[in-house]
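Visitor: Hi! I'm new to this, so please walk me through the structure.

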Amino acid sequence: MPNAFSASDTTPASPRAATLHDVARSAGVSLITASRALGNPDLVSEKTIAKVRQAVEATGYIPNLLAGGLKSRRSMTVAALVPAISVAQFLPTVQTLTETLAAAGYQLILGQSGYDHAREEALVNTLASRRPDGIVFAGLVHSPKAREQLRRLGTPVVEIWDLSERPVDMMVGFSHLKVGAAVAGYFLARGWQQVGIATGDDQRASVRREGFLSVIGREVPTVVVPAPSSLALGRRALGELLQQSPGVRAIYCSSDQLAQGVLTEAAVRGLRVPRDLAVCGFGDADFAAHMAPSLTTVQVDGPAIGRQAAELLLARCRGETPARPVVDVGFRIVERESTGGA
């Protein structure tokens, strides 16, 4: 009679996760020494740290960061919220923020708000339950409910890529109003009166448009497209601007992606840049200097924003009070071929 068997008889047992005991045994040290080497390396020798790290690699041990966080009251994580991951101007900032935090032992968690205040509130609620050691917002926290949640949470917060007289906590950025005003002044200095604007519908782009109009002194033809902007939306924007104002001479775009689309559509229509149409973008994206013609744009030091935001958070995590909780990194117009520059 055939022997009865079950599937469990032939299913291999799941491999056991390595423990700190396994690491200590592999390194030839005590359990407490292994724990100190991973959690408080200043208390043990470099030789011991090296042995324990080799043991971690050999055993495949994954530290329980949650348990460590409960003991130290730190999660060793920082959360960053950006409107959209696809927005190229934020990428250098996020990269430098990540690298600076990682060098201090912190990991970055990235969230996407989608230019939606309700989603912003939901993300803040989620983050509050995770207890990050710091939170970075790309832009200002506009939702009153979210601002109040953050104040109650008591976690260090840095708002970046903007400036305000009412920061939630700390801030690293620049004035979008001044950016728009500077571009308008640049256009007027070149003698361009027939000007237009292609802009995203996000708050920061709207403020730059406000600054532009304050210097021009009147309304100008404007096409507003949904954020985040793209090459396709830039092409559409130029078509609509030319319908509104066929004699438009210069266009200010709220992003380099929109400007790229405007330049593409101008080429399709046989418009010569900058002789027939001058174009200025914003953000100094990687491609801006390498287009044909190269793109005049507003340059902001994104890596500096990321680095200084991380340094502010790390100082607060060490219990220090930053001497400058609000940092203005400024901006500059980089003149290139699309406006007749070198």
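Guide: Happy to. Let's begin with the labels: helices (H or I, at least four residues) and strands (E, at least two) are DSSP runs, numbered from the N terminus. This is a predicted model, in which local features need pLDDT of at least 70, side-chain atom pairs count only at pLDDT 80 or more, and totals for chains, interfaces and linings use all residues. Residues are numbered from 1 along each chain as its sequence is written, and side-chain values use heavy atoms, with hydrogens and water left out.

Visitor: Okay, where is G270, then?

Guide: G270 sits in the loop between α12 and β9.

Visitor: Is G270 buried or exposed?

Guide: G270 has a relative accessible area of 52%, so it counts as exposed. The cut-offs are under 20% for buried, over 50% for exposed and partly exposed in between, with a 1.4 Å probe and protein chains only. G270 and S254 are 16 residues apart along the chain, and 23 Å separates their C-alpha atoms.

Visitor: What else is in the loop between α12 and β9?

Guide: P274 has its place there, between α12 (256-268) and β9 (278-280). The peptide bond joining V273 and P274 is cis, with omega about 10°. Another cis bond runs from A227 to P228, with omega near 0°. P228 lies in the loop between β7 (222-225) and α11 (231-244).

Visitor: What angle do α11 and α12 make?

Guide: About 55°, with the axes of α11 and α12 6 Å apart. That makes α11 oblique to α12. Under 35 degrees counts as roughly parallel, over 145 as roughly antiparallel, 65 to 115 as roughly perpendicular and the rest as oblique.

Visitor: And is the crossing of α11 and α12 left-handed or right-handed?

Guide: Right-handed. A crossing is right-handed if the near helix is turned clockwise from the far one by less than a right angle, and left-handed if anticlockwise.

Visitor: What about α2 and α4?

Guide: Helix α2 (residues 20-27) and helix α4 (residues 46-59) have axes 8 Å apart and an angle of about 120°. This pair is therefore oblique, and its crossing is right-handed.

Visitor: Which residues make that contact?

Guide: From α2 there are D22, V23, S26 and A27, and from α4 there are K51, V52, A55, V56 and T59. Contact here means heavy atoms within 4.5 Å. The residues of the contact of α2 with α4 divide into 5 nonpolar, 2 polar and 2 charged. In that scheme Ala, Val, Leu, Ile, Met, Phe, Trp, Tyr, Cys and Pro count as nonpolar, Asp, Glu, Lys and Arg as charged, and the others, Gly among them, as polar.

Visitor: How do α3 and α4 cross?

Guide: Helix α3 (residues 31-39) and α4 cross at roughly 95°, and their axes come within 9 Å. They are therefore roughly perpendicular to each other. On the α3 side T33, A34, A37 and L38 meet T48, I49, V52 and V56 of α4. By class, that contact has 6 nonpolar, 2 polar and no charged residues.

Visitor: New topic: how many disulfides are there?

Guide: The count comes to 0 disulfides, where a disulfide is a pair of cysteine sulfur atoms within 2.5 Å.

Definitions and conventions. Axes fitted to C-alpha atoms, helices over the stretch in contact; angles between N-to-C directions.
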